[in-house]
Amino acid sequence: MSAISRLGITPDTDARPEYSQPQEQTASAFGYQWSQRHTYESEAMKSRTRTWLVERYCGGDPARLDALLAGERKIILDAGCGAAFSALLLFGEHLKRHDYLGVDISSAVDVARARFAEAGYPGDFLRASLTDLPVPDGALDMIFSEGVLHHTDSTRDSLAYLSRKLKPGGMFLFYVYAKKAVIREFTDDHVREALRDMTDEQAWEALKPLTSLGIALGELGVELDVPEDIPFLGIRKGKLDLQRFVYWNICKMYHAPELTFDEMHLMNFDWFRPLNCQRHTPEELREYCRESGLAIEHMDIQEAGLTVVARKA
């Protein structure tokens with residue numbers, strides 16, 4: 001059986017509710033982004049991402065994921081699957097013995113379907129809103145939502161809605177952005193607003209000088225020593241590469257020397273283009289999980305974001 005048949009979803013189900021304008025724009029942005037397959041399918045990009053996924057969700061130990069997926073055949077919902085980039089990297093061969101359902105608001109779901117077929121993994125796919133799913137409450141064994149909930153109209157509401165779809169004891173694995181330093185928060189929203197009225201293609205081109213500057217800063221190889229914390233700006237003391245100092249405190253300009261320009265550019269587009277882009281604190285997530293009946297078993301806290309592994313009470 002498949003996830004769709006086990007959940008009683010008819011093949012022609014295609015939930016298309018009215019979306020808010022920011023959600024419509026966000027859907028368009030990710031449909032465009034994930035269609036650019038050359039920007040994320042290199043071995044360097046996949047290896048880097050796989051390592052980061054295992055680090056955050058499993059504390060660097062893949063056996064933790066093996067334990068979560070042990071036992072009976074499970075239904076796994078990939079909530080906001082995009083091109084299924086993260087699901088394929090994290091779950092891998094586990095996908096052959098569980099029933100996967102990838103759901104996305106954007107046309108990226110078609111890219112995900114193609115990539116699963118190319119990889120030889122079974123899976124079902126549905127284009128729908130994460131907060132209006134044709135899935136019964138209490139039907140899912142696991143929900144995976146990598147970098148998606150913050151792109152909805154409300155992270156809190158989306159988490160609460162999806163949690164109802166889990167069985168008691170079911171697992172919710174998700175990642176959301178963390179709040180950054182004061183100037184970085186301002187810059188993020190300023191650039192995002194500047195791109196608002198552009199097409200996705202225009203926004204892609206408009207961001208290229210920013211990507212070039214990030215590369216130039218990275219290639220300097222200059223270390224900066226911040227002598228003291230500056231709490232009212234969210235800047236912490238310590239030695240840091242100049243590019244990373246700018247990245248965390250001033251403006252996101254992604255740089256990784258092993259990646260191509262387009263791969264680094266994808267990271268910047270992914271951040272700045274979607275209008276819906278909430279950022280959160282650990283305290284907020286703990287409260288959201290408590291309200292949703294989720295017991296947090298693991299929280300990975302990094303400057304980039306917050307990763308949670310939680311169990312439905």
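**The sheet and what surrounds it**

Strand E1 (residues 75–79) and strand E2 (residues 99–104) run parallel and are joined by 5 bridges, where strands (E, at least two residues) and helices (H or I, at least four) are DSSP runs numbered from the N terminus, and two strands pair if DSSP finds at least two bridges between them. Within this pairing, Ile 76 stands opposite Tyr 100 in E2. The model is a predicted one, in which local features need pLDDT of at least 70 and side-chain atom pairs count only at pLDDT 80 or more, while totals for chains, interfaces and linings use all residues. Residues are numbered from 1 along each chain as its sequence is written, and side-chain values use heavy atoms, with hydrogens and water left out.

The open sheet is formed by 7 strands in the order E3-E2-E1-E4-E5-E9-E8, with mixed pairing. Strand E3 (124–127) and strand E8 (294–301) stand at the edges with a single partner strand each, so one side of each is left without a neighbour in the sheet. From one strand to the next the twist averages 15°, with axes being lines fitted to C-alpha atoms, for helices over the stretch in contact, and angles running from 0 to 180 degrees between N-to-C directions. Helix H7 (residues 155–163) packs on the sheet, touching E1, strand E4 (140–146), strand E5 (166–177), E8 and strand E9 (305–312), where contact means heavy atoms within 4.5 Å; the direction of H7 makes about 155° with that of E5.

A search of the whole structure finds 18 aromatic pairs, counted when ring centres of Phe, Tyr or Trp (its six-membered ring) lie within 6.5 Å, with planes under 30 degrees apart stacked, over 60 edge-to-face and the rest tilted. The rings of Tyr 175 and Tyr 177 have centres 6.3 Å apart and planes at 90°, so this pair is edge-to-face. Ring pairs link Trp 52, Tyr 175, Tyr 177 and Trp 271 into a cluster. Tyr 175 is buried, at a relative accessible area of 5%, as is Tyr 177 at 7% (buried is under 20%, exposed over 50%, partly exposed in between, with a 1.4 Å probe and protein chains only).

For Cys 58, the nearest cysteine sulfur, that of Cys 289, is 17 Å away, and Cys 58 is buried at 3% relative accessibility.

Note on methods: Disulfide = S-S within 2.5 Å.
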